[in-house]
Amino acid sequence: MKYSIVLLIALLPSLALAQPNIVDGKLLYEESCIKCHSDPYLSIGLNEMSNPIELSYMVNVCSEHFQLNWNQQDIEDTTHYLNTEFFRFDK
Ligand code: HEC
């Protein structure tokens, strides 16, 4: 009994934080972003992205700006996709 409670507590964080999904990120990008940012991703901003925080922030900004109604997961998925395929920032 004691053991299963310990196990449950150990597993909780991994259930709460879903891993970013690169396949979803690619789909979301193709659906909503590719028309402006191309494939491979083309930076059109004045300030270059230099870390994953900044990238995720700008993904958020663009999705808000175009009123896509993305949730946190959508933003993480797309950030993960762009980072893996294009930016390659260390986590
Ligand atoms: C209608 C055209 C358009 C669409 C659609 C669009 N963007 Fe952008 N995006 C821009 C422009 C213009 C900038 C430059 C803004 C600036 O630097 O102030 C930009 C900037 C960015 C940047 C940071 C700067 C750069 O150029 O690298 C990121 C990251 C980004 N967009 C991601 C996305 C994502 C993700 C989506 C899909 C949700 C998206 N954008 C949809 C036009 C667009």
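How many nonpolar, polar and charged residues does the shell around the ligand have? Counted by class, that shell has eleven nonpolar, six polar and one charged residues, where Ala, Val, Leu, Ile, Met, Phe, Trp, Tyr, Cys and Pro count as nonpolar, Asp, Glu, Lys and Arg as charged, and the others, Gly among them, as polar. Before I go on, please keep in mind that this is a predicted model, in which local features need pLDDT of at least 70 and side-chain atom pairs count only at pLDDT 80 or more, whereas totals for chains, interfaces and linings use all residues. Residues are numbered from 1 along each chain as its sequence is written.

Let me start with the overall layout. The protein has five helices and zero strands, and along the sequence this reads as α-α-α-α-α; the helices (H or I, at least four residues) and strands (E, at least two) are DSSP runs, numbered from the N terminus. Of the 91 residues in the protein, 16% are buried, and here a residue is buried if 20 or more other C-beta atoms lie within 10 Å of its own, exposed if 12 or fewer, and partly exposed in between, with C-beta atoms placed from the backbone. Among the contacts with a separation of 6 or more, 74% are between residues 24 or more positions apart, a contact being two residues whose C-beta atoms, placed from the backbone, lie within 7 Å.

Back to the ligand. There are 18 residues around the ligand, and Cys 33, Cys 36, Ser 43, Gly 45 and Cys 62 come nearest; to be near, a residue must have its C-beta atom, placed from the backbone, within 6 Å of the molecule or strand in question. Helices α3 (34-37) and α4 (52-65) each supply at least two residues of the shell, and α4 gives the most, with five residues.

Now to helix α2, residues 22-32, where Gly 25, Leu 28 and Tyr 29 are buried. They lie on the same side of α2 because they cover an arc of only 100° around the axis, the arc being that of the directions from the helix axis to the C-beta atoms. The buried residues of α2 pack against α3 and α5 (72-87), while the face turned away from the buried side carries the exposed residues Val 23, Glu 30 and Glu 31.

The largest nonpolar core has five residues, namely Leu 28, Tyr 29, Cys 33, Tyr 81 and Leu 82, and α2 and α5 are the elements that give two or more residues to this core. Such a core is a set of buried Ala, Val, Leu, Ile, Met, Phe, Trp, Tyr and Cys residues joined through C-beta atoms within 7 Å. Leaving aside residues up to four places away in sequence, Leu 28 touches Asp 74, Asp 77 and Thr 78.

Finally, some backbone details. A cis peptide bond, with omega about 0°, joins Asp 39 and Pro 40, and Pro 40 lies in the loop between α3 and α4. Phe 86, in helix α5, touches Pro 40 and Tyr 41, again not counting residues up to four places away in sequence. Gln 67, in the loop between α4 and α5, has a positive phi of about 50° although it is not a glycine, and Arg 88, in the segment after α5, has a positive phi of about 55°.
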